[in-house]
Amino acid sequence: MDLPPGGYGFIVHSILTVGSVAFDSIKTPMGEASRVVGGAATYFSIAASLFTDVRLVAVVGDDFGKDQMDVFAGRRIDLKGLQSVPGETFRWKGEYSADLNTRETIYTHLNVFDQFRPAIPESYRESPFVFLANIHPALQGEVLDQVKAPRFVAADTMNYWIEGTPKELRAVLRRIDALVINDEEARQLSGEANIVKAARVIQGMGPRLLVIKRGEYGVLLTRENGFFAVPGMPLEDVADPTGAGDTFAGGFMGYLASVGEVTEAVVTQAVIAGSALASFAVAGFGLDGLLRLTPDTVRARLAEFKQLTFFEDL
Ligand code: AMP
């Protein structure tokens with residue numbers, strides 16, 4: 001696997017994404033950060049833009065200034081679909097347990113997302129790859145209504161929407177190819193404690209591919225004919241897991257789009273690409289780990305993943 005400078009061949013397969021752009025406050029055993037730029041679509045876009053062109057659809061308030069916008073600057077991220085309106089930006093606060101494996105949401109303030117109606121710019125409508133990052137499922141659906149025959153659609157969600165908007169979420173699940181969620185969410189969504197059974201139940205709701213994120217333990221991919229599993233990279237210094245899931249999704253979708261076709265082999269490579277990027281996201285607070293990334297450090301991490309999982313035939 002290599003990092004393509006501009007997509008394989010001459011065609012660039014863009015990704016359209018909708019999701020939260022946020023101010024996050026985060027507390028982990030390693031420290032705290034207050035009112036830093038975050039949001040599911042932010043992590044996703046920065047990660048995916050390492051592989052291909054990203055078209056971002058989201059909304060921020062007038063408290064989101066130039067300094068904040070700078071996290072997107074100089075990257076392959078088209079901001080035509082990022083609306084700025086009067087009011088406050090989405091805010092979320094999370095606190096992690098001592099082992100970082102669980103977190104409590106202290107608050108979620110939708111703010112400008114409450115009234116947001118995504119208007120997809122004409123130039124975004126033919127995006128072949130679509131990622132519905134974490135946001136109200138009705139908004140995810142409205143984006144799908146406006147795109148023309150995408151080749152591959154994936155989505156993320158979380159407990160907040162599984163509990164709060166189950167009907168709208170079910171409607172989105174029927175329209176997607178892949179769902180990317182964590183193991184706790186998979187259990188909650190399916191009502192099954194066993195993760196294999198949970199996966200089957202969720203596949204019955206629509207998505208033929210299910211990517212279950214298991215935090216430090218890695219990722220389980222469920223497809224029509226079986227499983228593919230990748231461990232998490234064993235890391236000595238983990239500062240903040242926020243955004244690891246969205247970063248994974250960005251690497252996963254970015255790689256798929258950069259190749260341009262969704263075969264079984266490419267999907268397994270994409271799981272590695274996502275895992276590699278996520279391993280950087282957790283090393284710093286907020287976006288720091290991701291913003292520091294270079295193609296060289298990613299390439300080195302991909303080699304480490306190969307070493308981590310390689311074994312001779314027995
Ligand atoms: P992750 O750690 O991958 O689950 O993603 C954390 C990011 O999701 C943070 O940057 C939050 O701003 C964002 N987030 C948290 N709750 C929600 C929600 N209910 N809807 C949309 N985004 C959210």
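1. Burial and helix H9. A residue counts as buried under 20% relative accessible area, as exposed over 50%, and as partly exposed in between, with a 1.4 Å probe and protein chains only. By that criterion helix H9 is mostly covered, since 15 of its 18 residues are buried. Helices here are DSSP runs of H or I with at least four residues, strands are runs of E with at least two, and both are numbered from the N terminus. H9 comprises residues 264–281 and reaches 26 Å from its first C-alpha to its last, close to the 26 Å expected at 1.5 Å a residue. The expected span is 1.5 Å times one less than the number of residues in the helix.

2. Basis of the values. The model is predicted, so local features need pLDDT of at least 70 and side-chain atom pairs count only at pLDDT 80 or more, whereas totals for chains, interfaces and linings use all residues. Residues are numbered from 1 along each chain as its sequence is written, and side-chain values use heavy atoms, with hydrogens and water left out.

3. Elements that supply the shell.

4. Polar atoms at the ligand. A nitrogen atom of the ligand lies 2.8 Å from a polar side-chain atom of serine 20. Backbone atoms also take part: a polar backbone atom of glycine 39 is 2.7 Å from an oxygen atom of the ligand, and a backbone N or O atom of glycine 243 lies 2.7 Å from an oxygen atom of the ligand. The ligand taken alone exposes 510 Å², and the protein buries 94% of that. These accessible areas come from the Shrake-Rupley method with a 1.4 Å probe; for residues, only the protein chains shown count as cover.

5. Aromatic pairs. Rings of Phe, Tyr and Trp (its six-membered ring) pair if their centres lie within 6.5 Å; planes under 30 degrees apart count as stacked, over 60 as edge-to-face and the rest as tilted. A search of the whole structure finds eight such pairs. Phenylalanine 51 and tyrosine 255 form an edge-to-face pair, with 6.0 Å centre to centre and 85 degrees between the planes. Phenylalanine 51 lies in the loop between H1 and strand S4 (54–60) and tyrosine 255 in helix H8, so this pair ties together parts that are 204 residues apart in sequence. Both phenylalanine 51 and tyrosine 255 are buried.

6. Phenylalanine 248 and phenylalanine 252 form a stacked pair, 5.9 Å centre to centre with 15 degrees between the planes. The two residues lie in helix H8, four residues apart, about one turn of the helix, and both are buried. Elsewhere, ring pairs link Phe90, Phe113 and Phe116 into a cluster.

7. Arginine 91. This residue lies in strand S7 and counts as buried because its relative accessibility is 17%. The side chain of arginine 91 makes a polar contact of 3.1 Å with the side chain of glutamate 88. A polar contact is a pair of N or O atoms within 3.5 Å; within protein, one must be able to donate a hydrogen and the other to accept it, and residues adjacent in sequence count only if both atoms are side-chain atoms.

8. Backbone angles to inspect. Most residues other than glycine have a negative phi. Arginine 35, in strand S3 (residues 31–38), has a positive phi near 55 degrees; at 35% relative accessibility it counts as partly exposed. Leucine 100 has a positive phi of about 70 degrees and is found in the loop between S7 and strand S8 (103–109). At 15% relative accessibility, leucine 100 counts as buried.
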